[in-house]
Amino acid sequence: RTTSMIDKILSPKYSYYLSLPGTWLYLLAAVGALITGYNLTEEKPAIGFILLAYLPLLIIPSIRVNLPLSLSYSMVVTAHCLVSLTNVYWYTFPGAELDPLTFHITATNLVEQGLDLPSGIGTNTYISILMHMYELLGPSLLLGQQLSVIVSAIAVLVFWKLLIVLGVEDEKYQALGITIAGLLPSVLLFGSLTLREPFELIFLIVGTTAVVISLQRHSLTWLSAGIIAFILMGLFHQILLITGIGLATLSMACYAVKYSDQNKKQLLIVMVGAILVACIGLLIITVLPALKGNNYLYVFGKGFMQSVVWYRSEVDTGVPRTAYGFDVTMESPYIFTFGIIRSWLTYNLGPLPGMLTNLSGWVLTGEALVRVLGIAVMILLMIRRTATSWFPILVFLILTIVWSVGTTNFGQALRHHTMTGWIPVVYLIVWLQSRRTSPA
């Protein structure tokens with residue numbers, strides 16, 4: 001019986017699969033998970049989630065058979081898992097003390113006390129997800145973090161799909177893109193903690209990719225998928241709900257403009273749909289409850305300028321170590337506008353080398369340099385009008401403007417970059433491949 005089993009494993013069918021890089025990397029991950037699980041017997045669901053994050057190495061043929069893609073995906077997932085394990089057992093990372101721990105403790109207490117969570121837009125959406133998982137598998141910080149790792153891993157796969165859609169055919173450049181985007185400090189840290197950012201990221205990248213595909217293929221199905229993803233993104237943050245409805249409306253407008261000279265009936269449907277989405281979105285924003293700490297409409301209800309200045313002063317309470325070092329004031333509309341523009345530039349381009357001198361500061365600077373390179377490429381492609389798709393650039397511009405209005409320090413900015421840091425990387429990889437393949 002043993003001999004026949006060995007013969008079966010060594011048969012052409014099975015030996016082919018065992019020779020693939022993705023299979024071996026998954027087996028390596030399984031051994032590592034089992035060793036970890038031996039010492040952490042109370043964390044069996046979390047260990048299962050670790051293995052689940054590596055599953056694409058087996059089930060996606062394009063990754064399983066390709067060494068660069070297998071290695072890049074494994075590197076990203078392994079790094080996220082190590083951050084998650086380290087944060088639980090050895091070292092609490094900066095940014096992991098407040099919101100991540102609060103969300104986990106709140107969900108745990110609600111489960112243990114058998115209490116319900118009030119429904120509402122914002123943090124309660126994410127806490128509700130944690131609650132349902134903890135009810136099923138038991139409360140565990142590592143488990144909650146591994147859920148974020150899985151969601152981040154899926155986002156990386158969708159990012160890979162977007163690279164392909166935008167014309168990045170060379171698998172080495174695809175692997176490079178996966179590695180850079182997945183190991184950005186913002187994604188690596190906040191994509192491995194009990195935070196809502198991985199969920200916001202996945203719906204944003206799915207929505208963007210779906211709309212790009214719809215514009216390429218003249219597909220209402222993909223357009224609808226993108227609209228749904230943008231709305232779901234908004235369930236985790238009231239500002240993102242407003243932004244998501246705007247992105248959904250913009251998606252339909254782009255579709256209508258591109259195909260205005262073709263199917264008139266379909267165009268009419270899209271235009272009516274855009275109006276309906278905008279109206280229904282406005283109704284949702286005003287009717288759906290946003291609980292204390294999540295109601296930004298209330299914050300901005302006293303007038304935009306006054307509310308922005310007040311909100312930024314509240315964020316700056318305690319003088320964060322990574323503060324920008326300037327204020328946005330209301331002395332005049334011109335000075336206020338200049339302050340907002342300065343904040344947007346600092347948000348996207350900083351911190352520059354030398355602005356922050358400690359280790360974490362240099363980590364932030366490293367990501368900023370990648371972002372600056374990507375933004376430079378985006379500007380170059382816009383000037384030359386050679387961008388494969390303009391829609392991700394519009395998404396980047398809109399979201400960075402929205403986030404920068406209320407951002408006053410580089411630490412806060414890093415967390416917001418979790419959602420948009422991948423977009424400059426997309427265009428950087430597209431440009432690098434075009435340079436490699438363009439004739440001399």
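**Overall make-up, core and pocket**

Tutor: The second largest pocket has a lining of 14 residues, and those nearest its centre are A29, G32, I50, Y54 and T78. Please keep in mind that this is a predicted model.

Student: What is the volume of that second largest pocket?

Tutor: The volume of the second largest pocket is about 230 Å³.

Student: Which helices supply at least two residues each of its lining?

Tutor: They are α3 (21–39), α4 (44–54) and α7 (67–89). The most comes from α3, which gives six residues to the lining of the second largest pocket.

Student: How many of the lining residues are nonpolar, polar or charged?

Tutor: The lining of the second largest pocket has ten nonpolar residues, four polar ones and no charged ones.

Student: Let us step back. How many helices and strands does the chain have?

Tutor: The chain has 23 helices and zero strands.

Student: What share of the residues is buried?

Tutor: Of the 440 residues in the chain, 50% are buried. As for the surface, the chain exposes about 21,200 Å², with 69% of it supplied by carbon and sulfur atoms.

Student: And the contacts, what percentage join residues at least 24 apart?

Tutor: That figure is 72%, taken among contacts in the chain between residues at least 6 apart in sequence.

Student: What does F159 touch?

Tutor: Leaving aside residues up to four places away in sequence, F159 touches G177, I178, A181, I205, W422, V425 and V426.

Student: One last residue. Where is S219?

Tutor: S219 sits in the loop between α13 (197–217) and α14 (220–234).

Student: Is S219 buried or exposed, and why?

Tutor: S219 is buried because its relative accessible area is 14%, and buried means under 20%.

Student: Which residues does S219 touch?

Tutor: S219 touches S214 and Y255, not counting residues up to four places away in sequence.

Definitions and conventions
Residues are numbered from 1 along each chain as its sequence is written. This is a predicted model: local features need pLDDT of at least 70, side-chain atom pairs count only at pLDDT 80 or more; totals for chains, interfaces and linings use all residues. Side-chain values use heavy atoms; hydrogens and water are left out. Contact means heavy atoms within 4.5 Å. On a 1 Å grid over the protein atoms alone, a cavity is a set of points where a 1.4 Å probe fits but cannot get out, and a pocket is an open set with protein on both sides within 12 Å along at least five of seven lines; lining residues have an atom within 4 Å of a point. Grid points are joined across faces, edges and corners, and a volume is the space filled by probe spheres set on the points. Helices (H or I, at least four residues) and strands (E, at least two) are DSSP runs, numbered from the N terminus. Ala, Val, Leu, Ile, Met, Phe, Trp, Tyr, Cys and Pro count as nonpolar, Asp, Glu, Lys and Arg as charged, and the others, Gly among them, as polar. Buried means under 20% relative accessible area, exposed over 50%, partly exposed in between (1.4 Å probe, protein chains only). Accessible areas come from the Shrake-Rupley method with a 1.4 Å probe; for residues, only the protein chains shown count as cover.
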